[in-house]
Amino acid sequence: TPSLIASYIQDSLNIEFISKNDLPGLGVEVHPFHKDEDQLMKVVQLVNQMKKKGFDYNDIVILTCRGAGNSIFSNQEKIGNFKLKKFTGEYDLFGNQIYSDGSLVFDSSYRFKGNESPAVILVDVDMNKADEERYKKCLFCGMTRATVKLDILTK
């Protein structure tokens, strides 16, 4: 986790940890939304901005804190011009998760644990729940997947 993202996590979640990454990264941006549907267009805008900055689709993931089946993104095949790549519920012979065809990964914060991506867009965030231990762990897990840039969409 780069230092700018680590500092944000420490301040917002009140979690102490030592970041071993001396690079600052591109930081964290928080984007408020009122209705779940507002997130769809905001994510399209963020992806387009990231593409202009040189990020590839493979560098960007959308992670939900609500569970992959409970998000507004769960029922979307496509947002904007981007087809979503989702876990199919199946595994290959080596136990690896099988994803649908698509250019942009959408997954849950917990299922993506152990992976990382240069750019993470964390959706369905309710910072009013950030004091709840289980929710705090979900946020921490999602936030620490970002290796360069973190965007958070929150109510």
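Guide: This is a predicted model. A place to begin is G54, which sits just after α2 and takes a positive phi of about 105°.

Visitor: And α2 itself, which residues does the helix cover?
Guide: Helix α2 runs over residues 38–52, which makes 15 residues.

Visitor: What end-to-end distance should that give, and what does the model have?
Guide: At 1.5 Å a residue α2 should span 21 Å, and its end C-alpha atoms are 22 Å apart, so the two agree.

Visitor: Which residues of α2 are buried?
Guide: Q39, L40, V43, V44, L46, V47 and M50. These residues lie on the same side of α2, because they cover an arc of only 165° around the axis.

Visitor: Which exposed residues are on the face turned away from that side?
Guide: That face of α2 carries M41 and K52, both exposed.

Visitor: Switching to cysteines. How many disulfides are there?
Guide: The structure holds zero disulfides. C65 is in none, and the nearest cysteine sulfur, in C138, is 3.8 Å away. A disulfide would need the two sulfur atoms within 2.5 Å.

Visitor: Is C65 buried or exposed?
Guide: C65 has a relative accessible area of 10%, so C65 is buried.

Note on methods: Residues are numbered from 1 along each chain as its sequence is written. This is a predicted model: local features need pLDDT of at least 70, side-chain atom pairs count only at pLDDT 80 or more; totals for chains, interfaces and linings use all residues. Side-chain values use heavy atoms; hydrogens and water are left out. Buried means under 20% relative accessible area, exposed over 50%, partly exposed in between (1.4 Å probe, protein chains only). Helices (H or I, at least four residues) and strands (E, at least two) are DSSP runs, numbered from the N terminus. The expected span of a helix is 1.5 Å times one less than its number of residues. The arc is that of the directions from the helix axis to the C-beta atoms.
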